[in-house]
Amino acid sequence: MKALSTEIRRVATPYGAMEYTLERKKVKNINLRVKESGEVYVSAPKRVPVGEIESFIISRSDNIRRAAEYYAERDMKKAQPSYENGSALMFLGRQLRLELMTDSREFIALWGMALEVHMKDTSDIQHAKELVEGWYERQCSDVFHDLIVKVHGKFLKYDVDLPQLKIRTMRSRWGSCNYTKGIITLNRRLIEAPRHCIEHVVTHEFCHFIHPNHSKDFYALLSAEFPDWKASKKELEKTVIL
Ligand SMILES: [Zn+2]
């Protein structure tokens with residue numbers, strides 16, 4: 001069915017601003033669709049006011065976010081880094097070189113820029129991948145947890161409780177804050193960025209406990225608690241491409 005009109009709009013949702021394409025069509029109801037690219041399409045009859053359409057989107061924002069992340073995670077699994085001897089991997093803003101070493105014992109050791117994977121059969125790339133992923137998982141958990149505790153120290157004065165940390169792979173965002181449930185979710189891929197860039201994201205999410213939106217007050221608070229946030233944001237976007 002041909003659209004009568006199409007426009008790209010933005011709506012504020014509990015997960016931040018969401019862009020969507022609004023098509024006016026000869027349909028009976030408001031229809032919402034998340035494309036595999038993560039884009040949100042809404043078709044609605046001409047007579048339905050934008051306010052009603054946007055309330056509908058907000059009421060579905062949880063589902064939209066889940067659908068977009070489902071597609072993003074699926075895409076991401078297609079584009080895996082390589083785990084062969086000599087492969088380059090990013091970690092805390094540095095480029096590490098993967099070294100697969102034959103050993104009777106299995107363990108991983110980081111020596112300067114070399115990530116040594118000690119394993120029985122170095123030709124078993126699939127197993128090397130599992131070992132490295134397990135190591136990354138532990139690093140994410142340690143580094144992110146430390147930063148949550150550190151930043152929480154600055155937010156004690158605002159009466160913010162220590163949030164629960166969740167780690168996920170997300171393509172469109174670095175982190176998110178569920179301010180009603182007290183949960184901060186961080187993108188697993190942040191571990192590739194320098195520590196201060198991760199701290200900026202953590203501080204950003206903490207600010208949402210006080211200002212759920214991206215208002216002027218939100219940025220005033222962020223600037224007070226992390227004055228260098230603009231530079232960190234730029235550096236992060238340059239280091240890790242989502
Ligand atoms: Zn935000």
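Reader: Which domains does the domain assignment give the protein chain?
Author: Domain 1 covers 5–78 and domain 2 covers 88–239, with bounds taken from an automatic or database domain assignment. This is a predicted model, where local features need pLDDT of at least 70, side-chain atom pairs count only at pLDDT 80 or more, and totals for chains, interfaces and linings use all residues. Residues are numbered from 1 along each chain as its sequence is written, and side-chain values use heavy atoms, leaving out hydrogens and water.

Reader: OK, how many Å apart are the C-alpha centres of the two domains?
Author: They lie 29 Å apart. The contact (heavy atoms within 4.5 Å) takes 10 residues from domain 1 and 7 residues from domain 2.

Reader: And how many salt bridges are there between them?
Author: The count is 2. A salt bridge here is a side-chain nitrogen of Lys or Arg within 4 Å of a carboxyl oxygen of Asp or Glu.

Reader: Switching topic, what does Glu69 form a salt bridge with?
Author: Its partner is Arg168, and the closest N and O atoms are 2.9 Å apart.

Reader: Last one: where does Phe209 lie?
Author: In the loop between α4 and α5 (216–225). Phe209 sits 46 residues from Pro163 in sequence, but 9.6 Å away in space, C-alpha to C-alpha.

Note on methods: Helix = DSSP H or I, 4+ residues; strand = E, 2+ residues; numbered from the N terminus.
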